[in-house]
Amino acid sequence: MGYRRLLAKYMRRVNNRTGSVWLDKTLDKALTPRDVNELRSIWQMIEREEEFNSQGDHNGLAQAIYSGLELSITELANQMGWTREVIEQWFLEPEDPNFRRMS
């Protein structure tokens, strides 16, 4: 297990037990600003994973991002490197025969 994964696992445990990961501005002087930034990066990764898991599948998450950024499907296609047709299929209702699930 890599150190980031180990730290992420530990940070989840600390947060579950105490309600905080203790990354505030009053950190002990034993940690350098670089250390703190690395720990915050790991915590942000955890929060993104939890947000993704709560949002459901990739299609739902992509649609939420698309809506939040107020992009057109053409702009999204250009950003993601997929064709407009594929992206339109991602945003169809799952019951639609042309629906394409993201993986």
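Which residues does asparagine 59 touch, not counting residues up to four places away in sequence? Asparagine 59 touches Trp90, Phe91, Phe99, Arg100, Arg101 and Met102, where contact means heavy atoms within 4.5 Å. Asparagine 59 is found in helix H3, and with a relative accessible area of 5% it is buried. Buried here means under 20% relative accessible area, exposed means over 50%, and partly exposed lies in between, using a 1.4 Å probe and protein chains only.

This is a predicted model, in which local features need pLDDT of at least 70 and side-chain atom pairs count only at pLDDT 80 or more, while totals for chains, interfaces and linings use all residues. Residues are numbered from 1 along each chain as its sequence is written, and side-chain values use heavy atoms, with hydrogens and water left out.

## Helix H3 and the cores

Helices are DSSP runs of H or I with at least four residues, numbered from the N terminus. The expected span of a helix is 1.5 Å times one less than its number of residues, and for the twelve residues of H3 this gives 16 Å, which agrees with the 16 Å between its end C-alpha atoms. The buried residues of H3 are Asn59, Leu61, Ala62 and Tyr66. They cover an arc of only 165° around the axis, which puts them on the same side of H3; the arc is that of the directions from the helix axis to the C-beta atoms. Just after H3, glutamate 70 takes a positive phi of about 55°.

A nonpolar core is a set of buried Ala, Val, Leu, Ile, Met, Phe, Trp, Tyr and Cys residues joined through side-chain atoms within 4.5 Å. The largest such core has ten residues in all, namely Ala62, Tyr66, Ile73, Leu76, Ala77, Val86, Ile87, Trp90, Phe91 and Met102. Two or more residues of this core come from each of helix H3 (58–69), helix H4 (73–80) and helix H5 (84–90). A second, separate core has eight residues, including Leu23, Ile42, Trp43 and Ile46. Leaving aside neighbours within four places in sequence, tyrosine 66 is in contact with Leu71, Ser72, Ile73, Leu76 and Phe91.

## Helix H4 and a tryptophan pair

In H4 the buried residues are Ile73, Leu76 and Ala77. Seen down the axis of H4, they fall within an arc of 100°, so they line one face of the helix. These buried residues pack against H3 and H5, whereas the face of H4 turned away from the buried side carries the exposed residues Asn78 and Gln79. After H4 comes glycine 81, whose phi is positive, near 80°.

Rings of Phe, Tyr and Trp (its six-membered ring) pair if their centres lie within 6.5 Å, and planes under 30 degrees apart count as stacked, over 60 as edge-to-face and the rest as tilted. By this rule the count comes to two aromatic pairs. The rings of tryptophan 82 and tryptophan 90 have centres 5.4 Å apart and planes at 65°, so this pair is edge-to-face. Tryptophan 82 is partly exposed, with a relative accessible area of 43%, whereas tryptophan 90 is buried at 5%.

## Salt bridges

A salt bridge is a side-chain nitrogen of Lys or Arg within 4 Å of a carboxyl oxygen of Asp or Glu.

| Arginine | Glutamate | Closest N and O atoms |
|---|---|---|
| Arginine 4 | Glutamate 38 | 2.5 Å |
| Arginine 12 | Glutamate 49 | 2.5 Å |
| Arginine 84 | Glutamate 88 | 3.1 Å |

Arginine 4 counts as partly exposed at 28% relative accessibility, and glutamate 38 is partly exposed with a relative accessible area of 30%. In the salt bridge of arginine 12 with glutamate 49, distant parts of the chain are again linked, with arginine 12 in helix H1 and glutamate 49 in helix H2, 37 residues apart. Arginine 84 and glutamate 88, by contrast, both lie in helix H5, four residues apart, about one turn of the helix. Arginine 84 is partly exposed at 37% relative accessibility, and glutamate 88 is partly exposed at 31%.
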